[in-house]
Amino acid sequence: MKRNFTDITGKTFDLIVVGGGIIGAGVARDASLRGLRTLLLEKEDFACGTTSRSTRLIHGGFRYLQHFEFGLVRQDMREREILLKIAPHLVHPLPFLIPLVKPTDLIVMAMGTLLYDILSFDKSLPGCKYYSRNETLRMEPTLELEGLRGSYRYYDCQVPFAERLCVETAISAAENDATVLNHAKVTGILKDGNTVQGVKVQDILSEREYQVASRMVVNAAGHWMDSVCGMMYGQPKSMVRRTKGIHLLTTKVANNALVLFAKSDGRLWFVIPWEGYSLIGTTDTDYKKDLEAVTCSALYGRRAAFRCLPCV
Ligand SMILES: Cc1cc2nc3c(=O)[nH]c(=O)nc-3n(C[C@H](O)[C@H](O)[C@H](O)COP(=O)(O)OP(=O)(O)OC[C@H]3O[C@@H](n4cnc5c(N)ncnc54)[C@H](O)[C@@H]3O)c2cc1C
């Protein structure tokens, strides 16, 4: 995969994708596999945005059951199976334990896990299983939850290096004849009236500007989506509700992945094994400030984790 700007001059692409996160890389791969002349542009490096800052899970959709989004569960399940097949070196099965505390937890989780197993009848991963209080504590000796009654285990998948999945997706797009450029910032949209004709792009390393023609432009700029829309409409357009999530990385505090609920607001959060450490998260709070200067406080996550795992 060569970073060659001469590849984009004097050509008309079928599709330009703005943003080299997992969405942009996935769109570019899909388009190139369909034979479209595709250009993927990333202003920094691939996966440098939200993609490399996620909890690194490939969800099978278990959490969507609480909102009865059965279609979404099936869709997630299918995507998860595809990733297990095409990227087994990056995506691994991961067992999760949901500790049961309230008397109603047992019934709710029994129904939830049964439904999950029915909806995922064709999955390749093991089904859900109940464990007694003693079995749960044998598996997770550091877990201290008042009133613990037992737990349910379900399987999901983890992608320990989400950035690799993104980079390999971009490479796969390039192997299928997409032109793929990083440090290439889209600075404007070329228009004829209201019709998009292409983009203006700056090579950040040489500071040279290029104009590239395309029949279609996909805005996959994640949190920066509004600024790309602003280039189209000539003024900032607010389409995205931004939130901020925080993870804590600690020494290993649990053997399995755990699904826990914060006492303060009942929010669901995870303790995930990651490369010999535990990744704890995540918060989800609205964020309206500067996208390039995000800061965080670890207090909420630490408090929530400490309630169940005093060793955090
Ligand atoms: C805390 C947290 C935890 C999460 N955990 C999970 C999880 O466990 N599993 C899961 O599936 N999802 C998870 N998600 C959601 C997931 O991370 C996002 O849905 C996904 O990463 C979005 O990818 P993206 O490509 O849209 O955005 P991004 O990865 O942000 O990519 C957008 C890219 O566009 C580029 N860009 C912006 N403007 C321009 C421009 N003008 N020119 C060129 N390039 C530009 C940026 O540099 C950036 O690289 C989580 C999200 C958060 C916030």
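1. Domain separation. The centres of domain 1 and domain 2, taken over C-alpha atoms, are 35 Å apart. Domain 1 covers 5-52 + 163-233, and domain 2 covers 84-160 + 242-308. These bounds come from an automatic or database domain assignment.

2. Basis. This is a predicted model, in which local features need pLDDT of at least 70 and side-chain atom pairs count only at pLDDT 80 or more, while totals for chains, interfaces and linings use all residues. Residue numbers start from 1 along each chain as its sequence is written.

3. Domain contact. Domain 1 puts 4 residues into the contact and domain 2 puts in 5 residues. Two residues are in contact if their C-beta atoms, placed from the backbone, lie within 7 Å. On the side of domain 1 that touches domain 2, the classes are 2 nonpolar, 1 polar and 1 charged. Here Ala, Val, Leu, Ile, Met, Phe, Trp, Tyr, Cys and Pro count as nonpolar, Asp, Glu, Lys and Arg as charged, and the others, Gly among them, as polar.

4. Overall build. The protein chain has 7 helices and 16 strands. These are DSSP runs numbered from the N terminus: helices are H or I, at least four residues, and strands are E, at least two. The C-alpha trace spans about 70 × 40 × 35 Å along its principal axes. Of the contacts with a separation of 6 or more, 67% join residues 24 or more positions apart.

5. Burial. The protein chain has 312 residues, and 36% of them count as buried. A residue is buried if 20 or more other C-beta atoms, placed from the backbone, lie within 10 Å of its own; 12 or fewer makes it exposed, and in between it is partly exposed.

6. Cores. The largest nonpolar core holds 40 residues. Helix α5 (residues 162-175) gives the most to this core, 6 residues. Another core, of 28 residues, lies apart from it and includes Leu 94, Tyr 155, Leu 248 and Ala 257. A nonpolar core is a set of buried Ala, Val, Leu, Ile, Met, Phe, Trp, Tyr and Cys residues joined through C-beta atoms within 7 Å.

7. Ala 170. This residue is among those with the most contacts inside the largest core, as are Ile 16 and Cys 166. Leaving out residues up to four places away in sequence, Ala 170 touches Gly 20, Ala 25, Ala 28, Leu 40, Phe 46 and Val 180.

8. Ligand shell. Around the ligand are 30 residues, of which Gly 19, Gly 21, Gly 49, Gly 222 and Gly 245 come nearest. The shell divides into 11 nonpolar, 14 polar and 5 charged residues. Its largest share, 3 residues, comes from α1.

Note on methods:
Near = placed C-beta within 6 Å.
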